[in-house]
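Here's a quick briefing to read with the model open beside you. Have a look at the structure first, then go through the notes by topic.

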Amino acid sequence: MSDDTINPATIPEDCGKNGAMQLLASYLSGAWSAGSGPTTALVNPATEAVLAEVATGGHDLPAAFRHARTAGAGELGQLSFAQRGALLAALAKAIHGAREELIALAVANGGNTRSDAKFDVDGGAMALSHYAELGGKLGAARLVADGDAIQVGRTARMGGQHAWVRRAGVAVHINAFNFPGWGLCEKLACALLAGMPVIAKPATATALVAHRMVELFAPLLPPGALQLLVGPAGALLDSLGPGDVVAFTGGSATARVLRTHPAIVAHGVRLNLEADSLNAAVLAPDVSLTDETGALFVFDVVRDMTQKTGQKCTAIRRVLVPTDRMAEVGDALRDRLDRIAVGDPAHDGVGMGPLATAPQRDDVRAGIARLAAETDAIHGGTGEVAAPVGVPAGTGYFVGPVVRATQSPMTCAALHDHEIFGPVTTLGAYSGDPVDAAAFVARGDGCLVSSAYSDDRDWIVKFVTSAAPWSGRLYLGSSKMASQSPGPGTALPSLLHGGPGRAGGGEELGGERGLHLYMQRCALEGDASVLKLLIGE
Ligand code: NAP
């Protein structure tokens, strides 16, 4: 079997087969419990088969917070960074051991192709391993120095030192439906390494991967270090208190609810938001589509449209192209997209699966209709998929790749006002001027990542200077890096993930920076020799 073929034997039998329906349990206060009340179904978005169910309530959430604050925080507090890093290494190993099973769950519950599923599952293991290694480097330290010692007195005897110390509270992690594996792991890695216990809440619709990961992780961690709530958040946030942290990934409407949640406001709870983002890609005028940089540009745009069916927060939504190159770029995208088979990702040869849920499909269709009112069709019409591979027409939440175009990208409201979370992108024509390109990036009101493709260093410098304030990350595609590029859509543990404005204003990952959300920076002031002792010098 090739690495890109799904083995149906790895899909667990209780997932909707033989009439045995799995009721997913939450892991709270040290025990698995299914909850109570009405249930909601988790489905296969390609076949619409029900895979499992989850109860919508019935959990003692205040008790879960108490368990985290006492057992979880207590146990993690006894451990050094190196010891917590070793725990993360064990979690990464557990993922590797169950990789095929996790991939099969992502295919069945997420509509992922095998390649999409690997991106989620392996990406989770990679984030855990990255922070495991960082734990080893931080070693036995209790405080992490922030910068150098400062002389604040008349002589060197009176000093100052900024230092990071773990926060005394609970980290609540609320994740989006598109990366149930990676989303769980990247947040967990930072919080656990910093020393905070976690209550994780995956998005309900695609919770199977995160649920299985927590089944694997729980026996490897100290009591209370990791708890899982499957199903709606309910009153989860009501138990928040001072010292707690909420890290949220999801839509801007939910982010607004969180910003004004009474417990978050009342207790000054630290809140990190990763929300919508209209990421842009810019083709500079020096690049030909036949050279390495041009090929990378086309490859990245197509990959971001189709990988995970465009359901990546980092995917390219807006593409800026010199006016005289618009037709050529449209042709190149059409040529590549025509070759991608859409259908049930469990079938051979399928290059793009369905959207994760029926509401997402409806949102994407509404977005395409809004775009259609202001732009021209280049590829894919309205995204109808007449004959998806492997399922009867009319079954599954399919939308095919769609490319639109506009000659007036700066005034095209539909292009900048709504994130279409699917396989849709829009080309806009521009002068080729890097400052105009940066203004286009800024028109997205804050992005997780934007990219520019150029081998002209002067052009790049002008672009970066103006575009950087509007982007959490800038990806600079060029012939020098093309052969090793992971593409702009890959969030790496070593680089920041987050963005200003519409993107939520949050920051995750970025190596040691990723720990800071879960730590308190404290300015220490006193005898310089004591300060040195505290930071382990
Ligand atoms: P969502 O509806 O905002 O849900 C995100 C998470 O929030 C889910 O776990 C959801 O739980 C939970 N939630 C919903 N209402 C809540 C409330 N009142 N209190 C606490 N938690 C609540 O977003 P989604 O549909 O999963 O994801 C879609 C959007 O997320 C996309 O449009 C995209 O813009 C954005 N996104 C951003 C990033 C990023 O890194 N910036 C990454 C991925 C996605 P339930 O599932 O149980 O409702």
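**Briefing notes**

Alanine 266 belongs to helix 8, residues 262-267. Helices here are DSSP runs of H or I with at least four residues, strands are runs of E with at least two, and both are numbered from the N terminus. Bear in mind that this is a predicted model, where local features need pLDDT of at least 70 and side-chain atom pairs count only at pLDDT 80 or more, while totals for chains, interfaces and linings use all residues. Residues are numbered from 1 along each chain as its sequence is written, and side-chain values use heavy atoms, with hydrogens and water left out.

**Alanine 266**

- Alanine 266 has 60% relative accessibility, so it counts as exposed. The cut-offs are under 20% relative accessible area for buried, over 50% for exposed, and partly exposed in between, with a 1.4 Å probe and protein chains only.

**The ligand site**

- The ligand sits in the largest pocket. A pocket is worked out on a 1 Å grid over the protein atoms alone, as an open set of points with protein on both sides within 12 Å along at least five of seven lines. To sit in one, a molecule needs more than half of its atoms within 2 Å of the grid points.
- Strand 11 (245-249) and helix 7 (252-259) are the elements that give two or more residues to the shell around the ligand.
- There are 27 residues around the ligand, and Asn175, Thr204, Thr254, Ala275 and Glu419 come nearest. A residue is near a molecule if one of its heavy atoms lies within 4 Å of it.
- In the side chain of lysine 201, an N or O atom is 3.0 Å from an oxygen atom of the ligand.
- Aspartate 276 has a polar side-chain atom 2.8 Å from an oxygen atom of the ligand.
- Glycine 250 uses its backbone instead, with an N or O atom 3.2 Å from a ligand oxygen atom.
- On its own the ligand exposes 890 Å², and the protein buries 79% of that. These accessible areas come from the Shrake-Rupley method with a 1.4 Å probe.

**Helix 9 and what follows**

- Helix 9 runs over residues 292-306, and its 15 residues reach 21 Å from first C-alpha to last, close to the 21 Å expected at 1.5 Å a residue. The expected span is 1.5 Å times one less than the number of residues.
- Because 11 of its 15 residues are buried, helix 9 is largely enclosed by the rest of the structure. Among them are Leu296, Phe297, Val298 and Met305.
- The N-terminal end of helix 9 is capped by aspartate 291, which has a side-chain oxygen 3.1 Å from the backbone nitrogen of threonine 293.
- Lysine 308 follows helix 9, in the loop between helix 9 and strand 14 (316-322). Phi of lysine 308 is positive, near 55°, in a residue other than glycine.
- Lysine 308 is buried, with a relative accessible area of 3%.

- Leucine 509 is in strand 21, residues 508-509. Phi of leucine 509 is near 55°, a positive value in a residue other than glycine, and leucine 509 counts as buried at 1% relative accessibility.
- Threonine 40 is in strand 4, residues 36-43, and is partly exposed at a relative accessible area of 29%. The C-alpha atoms of threonine 40 and glycine 241 are separated by 30 Å, with the two residues 201 apart along the chain.

Technical notes: A polar contact is a pair of N or O atoms within 3.5 Å; within protein, one must be able to donate a hydrogen and the other to accept it, and residues adjacent in sequence count only if both atoms are side-chain atoms. On a 1 Å grid over the protein atoms alone, a cavity is a set of points where a 1.4 Å probe fits but cannot get out, and a pocket is an open set with protein on both sides within 12 Å along at least five of seven lines; lining residues have an atom within 4 Å of a point.
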